[in-house]
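Open the model in your viewer and keep the selection panel at hand. This tour moves from one selection to the next and says what is there.

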Amino acid sequence: MTSEIILILAQDGLVNGAIYALLALALILVFTVTRVIYVPQGEFVTYGALTFSALQRGHVPSVVVLLIIAGLIAAAIELRSAVFQSSPRRSMLPAALYAGYPLVLGLVLYYVTGAPKSVAMQVVVTLAIVAPLGPILWRVVFQPMASANILVLLIAAVALHLVLTGVGLLAFGPEGARTEPLFDAGVSLGSISISAQSIATIGASLILIVLLFSSFTFTLRGKALRATAVNSVGARLVGIRPELSAAICFFLAGLVGAMSGVLISAITTIYYDTGLLIALKGFIGAIIGGLVSYPLGAVGAVVVGLIESYSSFWASAFKEALLFGLIIPVLLWLSITRPMKDEHE
Amino acid sequence: MNILGRSVGWLAAAVLVGVFGLGLPDYYVTLLNYIGLYALVALGLVVLTGVSGITSFGQAAFVGIGAYTTTVVTVNLGLSPWLGLVAGLIASFIIALVLGAITLRLSGHYLPLGTICWSVSLYYVFGNMTELGGQLGINGIPPINLFGWALDTSRSMYYLIWVCTLGVMLLTDNVLRSRIGRAMRALKYNGEMAESFGVNGSRMKLFVFVYAAVLAALSGWLYAHLIRFVNPTPFGINMSIEYLFMAVVGGSGYVWGAVLGSAVITILKEVLQDILPSILGRTGNFEIVAFGALIIVLLQVNRDKGFGVLFEFLDRKRSRVKAPDGLPVAVRTQLAGPLLSARDVKRTFGGLVAVNSVTFDVARGSIVAVIGPNGAGKSTLFSLLTRLLDLSGGQVFFEGIQIDRLARHELVRRGISRSYQHVRLLPDRTVLENVMFGGHARTDRGPFSAAVGINSEQELQLLGEAEFQLRRLGLESVQDELAGNLSLGQQRLVEIARALVSGPSLLLLDEPAAGLRHTEKVSLAKLLTELRSEGMTILLVEHDMRFVMGLADNIVVLNFGRMLAEGGPREVRANPAVLEAYLGRAGR
């Protein structure tokens with residue numbers, strides 16, 4: 001193995017690792033605030049990639065229809081719960097948002113603008129379509145059973161993953177998509193070239209990570225999210241609405257997922273069912289962080305990216321086997337370093 | 001318990017299997033084969049998830065271990081399928097043991113995540129090893145030979161599959177109705193409480209995990225010799241998810257749920273795969289959308305109970321049996337000196353000192369009460385004595401032996417038992433079953449005796465003991481009610497009955513009289529006095545002063561974690577420091 005290959009592999013590993021780090025952060029965010037182990041995060045990546053690819057090819061993807069249907073269901077659930085509430089008026093705004101936003105977006109995209117021409121607008125439209133699916137699906141799937149234990153929430157998350165995979169096949173078809181890179185240029189460093197796309201991917205991940213991090217540390221809303229994560233009953237008592245916190249988390253997770261999809265689709269071909277493997281790699285990173293530590297989770301995810309890229313060189317057939325086998329020593333290490341904790345309801 | 005009813009049920013199931021095998025056309029026999037194979041795996045998950053509250057997304061991988069092991073043994077090595085079965089069971093046993101030992105020590109959600117990852121890993125190993133045929137798989141697996149009769153048709157395999165499935169279900173059902181089943185449910189409901197009554201939590205979880213894996217491997221062995229071909233596809237993560245869905249649909253805790261869940265998912269899949277492509281005009285595995293939606297709705301309506309509620313009536317019906325006198329009384333060595341002594345016991349939470357240098361003795365055959373205002377550290381002290389919390393300093397001796405480093409589940413075997421301030425009964429099990437669980441550490445029949453039914457004598461003794469204690473507490477009329485339906489006061493009494501069934505020499509009661517009516521308090525005081533006269537030692541935390549003063553031989557007063565006073569009721573009542581803590585400084 002020459003130093004050149006080492007560097008190229010490191011570059012690959014870092015780029016993928018940056019994406020996994022983003023996903024790991026989203027997974028930790030959702031888990032700490034809502035206790036949902038968010039397996040469908042991977043589908044947001046594939047939806048982002050495939051939506052972006054469809055827009056590049058000049059048509060509006062039919063996933064917009066899913067958004068509209070899911071939005072209507074969410075609005076119906078919201079209104080139904082309003083009937084049993086003391087202040088039903090409170091449900092009017094969310095219900096209007098759930099039903100109205102997808103409808104307006106769909107009407108504008110299908111009948112007014114069509115698929116946008118500029119790359120920047122394509123990215124914006126991709127995020128506008130995919131990210132709101134996060135809070136909408138939370139309202140439909142998780143919020144009605146928010147008090148259930150982690151296990152039940154996990155099974156529901158896996159069920160949602162299946163639904164989204166099936167719908168993805170329906171909306172995008174079985175063909176894989178690989179998008180045009182956002183940036184064509186490249187830089188040469190000695191004998192190896194670094195593509196602008198790689199730099200942009202790592203840069204975008206870093207910016208998003210810093211943004212997420214600082215908004216938790218410095219904004220009131222971010223502090224409210226952290227408070228909900230530490231103790232949801234206590235947060236409720238001081239006037240923080242856990243529902244709003246959860247909705248924001250799922251929106252952020254959706255945004256991060258869709259953005260990862262836009263970035264990764266120029267590097268690897270994405271199929272409707274690629275999501276689970278990508279999400280699981282983010283999970284391994286998150287687990288290294290014990291599902292609570294953001295920095296450790298991010299570092300873990302970068303390590304996953306590097307191991308992936310080097311093992312694909314040494315033993316490409318066993319790349320995935322090696323990568324997922326890695327979880328065993330990680331868990332062993334966790335089980336030795338972490339004292340046993342009982343879960344209390 | 002309703003032995004006649006159960007026997008009729010199992011017999012009917014066996015006859016039905018025979019009739020189906022003789023009468024149904026091939027298509028349905030094949031469908032039933034798959035339902036039986038999947039039910040075996042789902043049964044493992046029912047026990048794992050439904051009863052013990054842990055789960056695995058790696059069951060398909062264990063099926064794969066069973067299938068591939070027998071393939072290697074029979075095709076590559078040319079040996080008998082029966083050796084393949086043994087090898088597969090051993091392989092899955094060892095792998096599950098190692099995997100479980102690693103993950104089960106962590107919080108509950110690491111196990112599913114860990115099993116997802118390792119089963120993905122194994123899938124790629126199956127698919128990439130040329131010795132295992134890679135993605136193309138291996139052909140030509142020989143049929144199973146049973147007493148010179150080759151099981152080489154779908155119909156002949158049908159009988160073997162269903163004999164295995166029904167047999168395993170019967171054995172599992174026996175285990176779930178035994179002390180092991182009660183321990184599993186208690187562990188799912190509240191780990192601390194279960195361990196206080198002598199359940200070794202991590203060992204029990206490991207046992208269940210290994211059991212589920214071995215069942216999956218058995219299913220894999222049958223599968224390989226039914227299809228006579230293996231490739232990696234049926235052992236991937238998607239199949240693992242489907243197995244879990246079967247367990248969810250079938251519901252928690254009932255062996256028949258496994259067959260129901262397996263049948264619902266298998267038949268639904270068959271139907272959807274027929275009709276969906278014509279509706280959508282496209283082919284693809286769209287049935288997963290329907291599965292996912294079904295599971296989400298089911299979880300929202302019924303959490304993890306699934307359709308298992310349908311089986312609950314089976315448990316409710318119970319014929320009376322004449323129970324013998326109860327369990328043999330444990331003979332414990334009695335030393336001179338106090339039964340329990342706390343020396344400089346201390347506990348801090350960060351900077352807060354909840355219990356500070358508390359030292360007192362509990363004399364044999366006495367009733368000692370710990371009193372003090374709210375936040376005085378009484379419940380923390382109880383938790384320290386019963387190993388729910390670790391000491392920050394000091395020592396605790398019981399019968400002269402230091403016990404503050406013992407495992408939690410050891411205490412009850414030495415004769416310490418307790419009730420809880422916040423009632424910890426399994427609300428959806430009967431009062432009798434809750435109380436019988438108290439005798440866990442006094443009985444010793446393991447899962448294998450329970451499976452084949454040689455535990456019945458001990459179970460009857462335990463039943464007798466439980467009924468005796470329930471009568472003693474005046475609860476015999478409600479013993480078949482669900483514990484959750486009782487009033488809070490009655491639930492406290494059930495907790496005491498449960499503690500008594502464990503045959504303690506020291507009984508710790510955390511606010512036993514809270515929520516009781518006056519007459520109930522009077523009879524509780526009478527019972528405690530009676531227990532004392534039989535030689536039992538009682539340590540209690542209580543708020544009701546009249547109750548305490550009339551009952552206790554000795555009183556320990558705590559305030560802000562420190563001992564304020566100790567002595568007989570008269571002394572304590574006259575102690576100025578105590579009066580000040582309770583009533584404030586007297587005006588001068």
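**Chain B as a whole**

In chain B, 76% of the contacts with a separation of 6 or more join residues 24 or more positions apart. Two residues are in contact if their C-beta atoms, placed from the backbone, lie within 7 Å. This is a predicted model: local features need pLDDT of at least 70, side-chain atom pairs count only at pLDDT 80 or more, and totals for chains, interfaces and linings use all residues. Residues are numbered from 1 along each chain as its sequence is written, while chains are lettered from A and ligands numbered from 1 in the order in which they are written.

Colour chain B by secondary structure. There are 23 helices and 12 strands. Helices (H or I, at least four residues) and strands (E, at least two) are DSSP runs, numbered from the N terminus. The C-alpha atoms fill a box of roughly 95 × 55 × 50 Å along the principal axes. Of the 588 residues of chain B, 50% count as buried. Buried means 20 or more other C-beta atoms within 10 Å of a residue's own; exposed means 12 or fewer; partly exposed is in between; C-beta atoms are placed from the backbone.

**Two domains**

Select 27-237 of chain B for domain 1, then 340-583 for domain 2. These bounds come from an automatic or database domain assignment. The two centres, taken over C-alpha atoms, are 42 Å apart. The contact takes 20 residues from domain 1 and 27 residues from domain 2. On the domain 1 side, α7(B) gives the most, with 7 residues. By class, that side of domain 1 has 9 nonpolar, 6 polar and 5 charged residues. Ala, Val, Leu, Ile, Met, Phe, Trp, Tyr, Cys and Pro count as nonpolar, Asp, Glu, Lys and Arg as charged, and the others, Gly among them, as polar.

**The sheet**

Next, show the open sheet of 6 strands in chain B, in the order β8-β9-β10-β5-β11-β12, with mixed pairing. Two strands pair if DSSP finds at least two bridges between them. Which strands are at the edges? They are β8 (416-418) and β12 of chain B, each pairing on one side only. Now pick β5 (367-371) of chain B, which pairs with β11(B) in the parallel sense over 4 bridges. B:V370 stands opposite B:V556 in β11(B).

**Two loop residues**

Zoom to B:F560, in the loop between β11 and β12 of chain B. Its phi is near 50°, a positive value in a residue other than glycine. B:R228 sits in the loop between α9 and α10 of chain B. Phi of B:R228 is near 65°, also positive.

**Across to chain A**

Select the side of chain A that touches chain B. The contact takes 43 residues from chain A and 41 residues from chain B. The largest share of the chain A side, 16 residues, comes from α7(A). By class, the chain A side has 34 nonpolar, 4 polar and 5 charged residues.

Finish on α5 (119-130) of chain A. Among its buried residues are A:Q122, A:V125 and A:L127. What covers the buried residues of α5(A) includes α2, α3, α4, α6 and α11 of chain A.
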